[in-house]
Amino acid sequence: MRNRAETSDLTQVDFDFVRTLVKQHSSISLDDSKGYLISSRLLPIARGGGFGSVAALIAHLRSRPHGKVHTEVLEAVATTETSFFRDFHPYEALRDQVIPDLIRKRRESTRMLSIWSGACSSGQEPYSVAMVLRQVIPDIDTWTIQLLASDFSGAMIERARKGVFKQLEVNRGLPAHLLVRYFDQHGVSWWLKDEVKRMVTFFQQNLDREWTRIPQVDLVFLRNVLIYFDVETRRRILRKVRRHLRPDGFLVMGAAETTLSLDDSFRRVQFGRAAFYQPGEGSGQ
Amino acid sequence: MTKKALVIDDSRAMRTILSGILGGLGYEVQGAEDGGRALDILNAGELFDLALVDWNMPQMTGYDFVCEVRKEPRFADLRLVMVTTETEISRMSEALEAGADEYIMKPFNKEMLLEKLMLLGVEADRG
Ligand SMILES: C[S@@+](CC[C@H](N)C(=O)[O-])C[C@H]1O[C@@H](n2cnc3c(N)ncnc32)[C@H](O)[C@@H]1O
């Protein structure tokens, strides 16, 4: 239960301060209904840092130059919920159609696949992709697989790199045969095996800053992240995605997301029960 | 057509919870308190799409049930999901090798069950 005395002291002025900080640094837009969310996510930092209350924590943020506590606050405000094989259908499409097609096309030429997960949270998304690749490319060791994963949160990147997951996390969405095949169990933690872990390169990247480490790729995963941004920011990021996506590559978004009405230079391509987006004129179907 | 599920668990409370979730998804659910009873139900001829199976039960364990079911080609389309407090990876491997299609470690929630059903393509029409 939340403690009213500690959280209800978020004044409009404090809320606006946090909102501006968050908007500036992580591009996340918080509407007025998010006051409670903010105070409940800041409370552990206020307590852990010995500030006593969320108000005192915000006073500290105000009075200091941008530093460690600011970063902690920004990372705490972002929703990082994720799971292995989230919504499953996109991964089914990757396994049955998209990856086999790309492999066929690249087999006689570059023998290379480049994939980027742009809001990877604790790593379940790129690791799911890595497992799919291992399943569908029998001669994977003769290919160059560039699997990049980034997030603006340093804490998430650090967690993702470890590749250690709780029972609760591997119980969700991950096919049991893959759990048995690609993880080692250490008590209640599940450690991803090296053969999958080393396939993914993690780094910090704010989507709304310059993309210095992102090459041309075949697949971009931007799932469940644009929803936190305002429309202008979404458009700006989608325009950049287009420039980094190969002409026959795809953008993969969250189950409830679409580029339609945001950017008409993507075409929607349906694979079974999943929709992917490909650079191309017109908004498609 | 309405999908049919068997819920096999010696705990009545667990049968009630699982039946409630599957019922909410539009499944027609029948319960059994151990593997032997469940086999009797299957052998009576009614066809099921899905069975959720506990591991540790008196009379016949869930593991033995899976082995028995997989000996019978006529049950090949039945999707078998272990739902158990057995969380050792070796146990999980054994169950999969014996022919279980999925594995859920207790404690679990409704969301996790739905995700596993989605993997097997047996998520029902509602929910
Ligand atoms: C809800 S999670 C989605 C994780 C995963 N893509 C999925 O669909 O399961 C959203 C992630 O976006 C990250 N994020 C938020 N703002 C960001 C930004 N401006 N740049 C990069 N990542 C950001 C958060 O740190 C968080 O890990």
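Where in chain B does Gln59(B) lie? The legends below take this up, among other close-ups. This is a predicted model in which local features need pLDDT of at least 70 and side-chain atom pairs count only at pLDDT 80 or more, while totals for chains, interfaces and linings use all residues. Residues are numbered from 1 along each chain as its sequence is written, chains are lettered from A and ligands numbered from 1 in the order in which they are written, and side-chain values use heavy atoms, with hydrogens and water left out.

**View 1. Gln59(B) has a positive phi.** Gln59(B) sits in the loop between strand S3 (50-53) and helix H3 (62-70) of chain B. Helices (H or I, at least four residues) and strands (E, at least two) are DSSP runs, numbered from the N terminus. Phi of this residue is near 65°, and Gln59(B) is not a glycine. As background, most residues other than glycine have a negative phi, and most peptide bonds are trans. With 74% relative accessibility, Gln59(B) is exposed; the cut-offs are over 50% relative accessible area for exposed, under 20% for buried, and in between for partly exposed (1.4 Å probe, protein chains only).

View 2. Look in the loop between S3 and H3 of chain B to find Asp54(B). Leaving aside residues up to four places away in sequence, Asp54(B) touches Ile8(B), Asp9(B), Asp10(B), Gly62(B), Met82(B), Val83(B), Thr84(B) and Lys106(B). Contact here means heavy atoms within 4.5 Å.

**View 3. A cis peptide bond joins Lys106(B) to Pro107(B).** Omega of this bond is near 0°. Pro107(B) belongs to the loop between strand S5 (102-105) and helix H5 (110-119) of chain B.

**View 4. Asp87(A) carries a positive phi in chain A.** The value is near 65°, in a residue other than glycine. Follow the loop between helix H5 (68-77) and helix H6 (89-107) of chain A to reach Asp87(A). Asp87(A) is partly exposed, at a relative accessible area of 27%.

**View 5. Three strands of chain A make an open antiparallel sheet.** Their order is S3-S5-S4. Strand S3 (164-166) and strand S4 (183-186) are the edge strands, each pairing on one side only. On average, neighbouring strands are turned by 30° against each other, direction ignored; axes are lines fitted to C-alpha atoms, for helices over the stretch in contact, and angles run from 0 to 180 degrees between N-to-C directions. S3(A) pairs with strand S5 (residues 189-192) over 3 bridges, where pairing requires that DSSP finds at least two bridges between two strands. Lys166(A) stands opposite Ser189(A) in S5(A).
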